[in-house]
Every structure is written in structure tokens, then in C-alpha cells.
Amino acid sequence: MLERKGMIMNHKKLYRLYTEEKLGVRRRRGRKRARGSRTPMPKALRLGKRWSLDFLSDTFGASRRFRILAVNDDCCRENLCLVADTSISGARVARELDALVRIYGRPASIVSDNGTEFTSRAILKWANDNGVDWHYIDPGKPQQNAFIESFNGSLRDELLNEEMFDSLDDARRKLALWRYDDNNVRSHSSLGNKTPAEARRTLEQFEGSAPGALAQTETQDYENQTRRLSL
């Protein structure tokens, strides 16, 4: 541009003046996208066939924010954990998943959005090391992770929007109480009016797996499936 105006200058001097005057425009890099699976999501036909993950947020004290990591088993609709903390990194998510694997076994696949925690190197390494197919939903389409989104809506409507949290410990205590109620007390119509804990115990009697998805009401096998669950 200077040459077009007839101004000739040594390129080293020009670059020094350019940097001293901070004329460089910061380049906005595109948000990192996950390189995980883009294949159709597998159906949750068995326990541990598919877990879904998502984050929620709320505040306590003087508007200090905290985050909640929710992990669900899509087959029996059971919430496996609600981890609350002021900051949850990808490495922390990997550690929590390791703890869940020790309790429930390794899932065949995991579904999540493209959040930075779920696309971090720690998570990509964890999925590769554990042989878990990590499926990322398309950006802007939360309906592709409908089970966890429905769970999040219930959690927000019934607890987060109704309770005031004095501290992080208070939030963890109330989350634990709500989680116990959702897993062990409240029946789900999609599970034949069983609680998620009852559905898990029933499915574990069938050699630890379900012969068909519990929530497929549009299939002819649904009535047979719910009859077997009621035995």
C-alpha cells in the first residue's frame, strides 16, 4: 500500500514501526471443532450403550457462578452423577468419567455438544485410551441430545430456579437430594412407570442388558417390553 503511494522504506524499519504502533489486527481464530464421530448415534438398547453429558450453570453467594456436570445413562434414564464446582476442566471431566467407569462399567458411546471441555485434548485422549466412541452433536442442534436436555430442563425447573444456594457445599447437598429423588422415587412414564433405579435393576436381571429400548413407544415391542419390566 505504501509503494502504491510512492513511499519506499526498508522493510525491517517498516516492520519495527508497524509493531511499535500496534497496527496489527488480531486474527480471530475459528472455534475449535471436535474431530469425533459424525455417524448416526447408536440407540440406547442396553445399559451402558450410550451415556450423555452436558453442563448447567447457576450462582451462589454474591452472584458467584458455579457449573454442574450431568452424566446420564440414556437406556434407563438414570443420572449417574451431578458434579458441581466453580470450574470444571476437560481433565476434571476425564477424572469423573474414570470414577463412573469403575462403578458402572465402560460405556460403548458418549454423546455431548462441542463445548471446549468436551473437545479438549484430555477428553480426546480419554476416549481413545478407553475405546469409547464419542459422538458430538451438530452445532446449534441440542435436540440431537434430547435425553440430557430433557433432564436439564427438569433439574432447572424443579431445583435451580426454585432454590437459593448459600455456598458450593449447600448446592452440592441439594443436588444430591434432588438426584436421589429423581433416580429412586420419581417414576418415569417412558420406563413403564418405574424409577430409573428400578429399571436398572430389572434390566440387569436380563443378563445385564435390555432386549430393546425402553422409551420406543412407537414400536410394537414396547408393550411387551413394559410387561416384562412389570414382572
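How are α2 and α3 oriented to each other: roughly parallel or roughly antiparallel?

1. This is a predicted model, in which local features need pLDDT of at least 70, side-chain atom pairs count only at pLDDT 80 or more, and totals for chains, interfaces and linings use all residues. Residues are numbered from 1 along each chain as its sequence is written, and side-chain values use heavy atoms, leaving out hydrogens and water.

2. The axes of α2 and α3 (lines fitted to C-alpha atoms over the stretch in contact, with angles from 0 to 180 degrees between N-to-C directions) come within 8 Å and cross at roughly 30°. The two helices are therefore roughly parallel, a label for angles under 35 degrees. Contact (heavy atoms within 4.5 Å) involves, among others, V93, L97 and V101 of α2 and I123 and W126 of α3.

3. Helices (H or I, at least four residues) and strands (E, at least two) are DSSP runs numbered from the N terminus. An open sheet of 5 strands has the order β3-β2-β1-β4-β5, with mixed pairing; strands pair if DSSP finds at least two bridges between them. β3 and β5 stand at the edges, each with a single partner strand, so one side of each lacks a neighbour in the sheet. α3 packs on this sheet, touching β4 (109–112) and β5.

4. Leaving aside neighbours within four places in sequence, L97 is in contact with W51, L53, I110, I123, W126 and W134.

Key
Angles under 35 degrees count as roughly parallel, over 145 as roughly antiparallel, 65 to 115 as roughly perpendicular and the rest as oblique.
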